[in-house]
Amino acid sequence: MPQPSPTTMVPIVLTINGVRHELSLAPWVTLLDLLRERLGLTGTKKGCDQGQCGACTVLIDGRRVNACLVLAVARDGADITTVEGLATGDELHPLQAAFIEHDAFQCGYCTPGQICSGVGLMQEGHAHTREEIREQMSGNICRCGAYTNIADAIEDVIARQSASREAAE
Amino acid sequence: MEALQSNIAHIGKPTSRVDGKLKVTGRARYAAEYPAADLLHGVIVSATVPAGRITKLELDRARAVPGVVQIFTHENRGKAAWLDRKWRDEVAPPGHPFRPLHSDRILFDGQPIALVVADSFEAARDAASLVRAEYDIDDFCTELEVRRPEAYDPPEKRSGIPPPPEPRGDAEDAFDRAKHRISSEYRINAEHHNPMELFGTTCVFEGPGQLTIYEKTQGSQNSQGYVTSVFGLRSKNVRVINHYVGGAFGAALRPQQQLFFAVMASLELKRSVRVTLTRSQMFYIGYRPDTYHAIALAADNKGRLTSIMHDAVAATSHHEDYQEAVVNWSGMMYHCDNVKLSYALAKLNTATPCDMRAPGASVGVNAFECAIDELCHDVGIDPLEFRRINFASIDENTGKMLTSKALLECYQQGAAAIGWDRRPVKPRSLKDGRELVGLGMATGMWDAFLMKAAAEAKLTADGRLEVSTAASDIGTGTWTILAQIGADALGLPLEAITSRIGDSTLPASPVEGGSWTAASNGSAVMAACEAIKATLFKHARAMTNSPVAQAEYDDVVFAGGRIALKNDLARSLSFAEVMHAADLAEITETGKAAPSLLQMRKYISYTHSAVFAEVRVDEDLGVVRIPRIVCAAAAGRIINPKTARSQILGGVVMGIGMALHEEAMTDHRLGKIMNHSLAEYHVPAHADIADIEVIFVDETDEKVSPLGVKGLGEIGIVGTAAAVANAIFNATGRRVRDFPITLDKLLA
């Protein structure tokens, strides 16, 4: 039997930001490097390549995941949303707009990960207080120190969402 | 400035970043994100010993990895300059710049010893992991305490860094005779910048000797000069672009390893090459050096300072004498007639340290402001009152007058915001549940520089203005504030302005550092816009039946894309009418900013701040929480309160890191940093940061820069760690003099 090689191509299908991609990939390619180096989706950032900083956070089947820790071939069939897939046409996702309004970034490098993580956090529905937001966002490091503004942005969107839910009820 | 005052619509207004949309949608491209045809990927192999010689490099297994194109080592390095001086960049300290792959000699752990180039990142990474090196290890030392007895006064001073002032009065005698005195030693451990973006360079090979380089740098022109000098390339053939920079904090002031390697490989292989450092490798490109501070202070019964002595020793490498202004601040923060300061270096087998946010001041002021707190305790005086009593109204180091100093307002407003009057006078006397509660404060100070910079402004007949200068935006807001300045100068809406920065082909700019970009590049943009106005006015007067034909320049205003008479705003001309009449499709003018040497003989400028912290310390576990910090800053004119506030927030957060978290841990038996990852080198995370309030006190300063701007990049960190440490003392009665203040030290 031939020795399996990291360069033996494996066919997989991924849906990324609503677009179906039929790919043939070496198994040693991480989801992060697939996005950045092969698909031109450089919005997802590489800050450590070790799962320690959160800059590469994407949503896989709705859950926030560090893309640097995922081998792409292991997620055959997955539905992936990156920062490029959050806006609808020209209309920003409410959290993207809130990040601009609250100046929740400076250099912008951790920002896509913070925003994807924030969207994931809101979908999880466990964060009800500012302390819970801070705790549950702690996997995303911001060296520029925009933490208070990031918490403001997330708090703002959660408050507006629950206000509009209440209004609808 | 006159035009601005009558016409301010954007300066001083909290304005969202003009690059915000690109950053929140992931479309802002950083250095390692530019595509290139047939791109090769380079991965650096790092040395694993701190000193010695490479005796053998085992490359066969690496070469055998499919996709590997070339492996560069000191034995086959591409052509590069021999002479030391060719490797010196704009901000290099005295000494011998590090030359990658120059020889078999190892100068520091983590030194690059090979570059593996392959057609995929994965192949290069895998092959790099298979390179084996053998070494002859020399004696080495990475421990500052051991080398401290051999500390020396650096023979050649680093350009731009003032050495400590000459002693004044008799500090020793005053100390000996004083009623109240303290003598302490502080240590601040080495820190690493760790910007979020990995250092990366994409070098696009455009043809022989012709390169477009996308580079992580705080100065496109500094990198461009380095590349042309090291590789002997023609200036016009090398263009460096740094539109977006994913944080830097000083680490990208000097050209880093990846630039050399990407360019060298690109020239040798005649292909485009991308090289990105790993997070671990970023611990070997410069750091905030460890420092020791021996501080002795004395005061009289009324709390007046009578003696200040501050002797600092800082680490540097064997190959360069890296220097900072560490102790100078101690001679000018307060009034004191007897002052003696010294600063010495000790050589370690490490990479050369490099400027990190408020280099010098963040450590020197931190130690000094903690020592001041000790003295206040000894005298039995409120630390805020002590600082008011000892207020210095001039720079006592140089005898120069200050262009402004609204520090007393910072004290007053900051104290009110934190609720200073609830500070327990007696340490360890306030408890809330399991937690000891305390308040502390410190003064902060940083230079307000104006540097030489140039800019160009281009007005087109459609009413759009483009302002350009080779400045950088490392998260500071440069894109946005230059647009605000352009808009107000010509009375145009913000949407009509395009900033162009981050490109070595633009008008000359210094590196972005020292908090000088807003003042320097902003003033240059302002000057270029003023020149456009003068040209417009000249053409407007020359028009037939011109409403401004008889007017002087001072009689008109520029607003809403029109030139109008001040006294009769209805009588006006649109820019388009003027340009059409003069048959001009566009007007392009240049502007410059430079410090006034005449003024500098009498005056000097600083930014000031007062930082107040509330801490809560778990009495049993020693866990420190900081529920609230207030930073009140006096920084002249604030162009954009929104981005300015973020600058201060960032400085305060990094100051919290210095106080509680950040520390490079070296195993001195191996000469190696052990915690070279973000998991083990803790930088503040969301959970560490609670409430931070930023106050900008009013400060008008017509001398500091043409715009009245002082700069904000560094001031937020200065004093923050001391305010936290002083609050910890107030809460616990424990004075920890070794930073960061981790819980083991509090419980010891």
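1. Two strands are taken to pair if DSSP finds at least two bridges between them. Helices (H or I, at least four residues) and strands (E, at least two) are DSSP runs, numbered from the N terminus. On these terms, strand 2 (residues 52-58) of chain B pairs with strand 4 (residues 105-106) of chain B in the antiparallel sense, over two bridges. Within this pair, G52(B) stands opposite I106(B).

2. The model is a predicted one, in which local features need pLDDT of at least 70 and side-chain atom pairs count only at pLDDT 80 or more, while totals for chains, interfaces and linings use all residues. Residues are numbered from 1 along each chain as its sequence is written, chains are lettered from A and ligands numbered from 1 in the order in which they are written, and side-chain values use heavy atoms, with hydrogens and water left out.

3. Strand 2 of chain B is also joined to strand 6 (residues 132-137) of chain B by six bridges, and these two strands run antiparallel. Here K56(B) has E134(B) as its bridge partner. In general, strands of a sheet pair through backbone hydrogen bonds, either parallel or antiparallel.

4. Chain B contains an open sheet of seven strands, ordered 3-5-1-11-8-9-10, with mixed pairing. Its edge strands are strand 3 (68-72) and strand 10 (238-241) of chain B, each pairing on one side only. From one strand to the next, the twist averages 20°; axes are lines fitted to C-alpha atoms, for helices over the stretch in contact, and angles run from 0 to 180 degrees between N-to-C directions.

5. Within this sheet, strand 8 (residues 200-207) and strand 9 (residues 210-215) of chain B run antiparallel and are joined by six bridges. T201(B) has E215(B), in strand 9 of chain B, as its bridge partner.

6. Strand 23 and strand 24 of chain B are paired over three bridges, with S574(B) as the bridge partner of R562(B).

7. A564(B) belongs to strand 23 (residues 562-565) of chain B. This residue counts as buried because its relative accessibility is 7% (buried means under 20% relative accessible area, exposed over 50%, partly exposed in between, with a 1.4 Å probe and protein chains only). Leaving aside neighbours within four places in sequence, the contacts of A564(B) include V557(B), L569(B) and R571(B).

8. H10(B) lies in the loop between helix 1 (2-5) and helix 2 (20-24) of chain B. With 17% relative accessibility, H10(B) counts as buried.

Conventions: Contact = heavy atoms within 4.5 Å.
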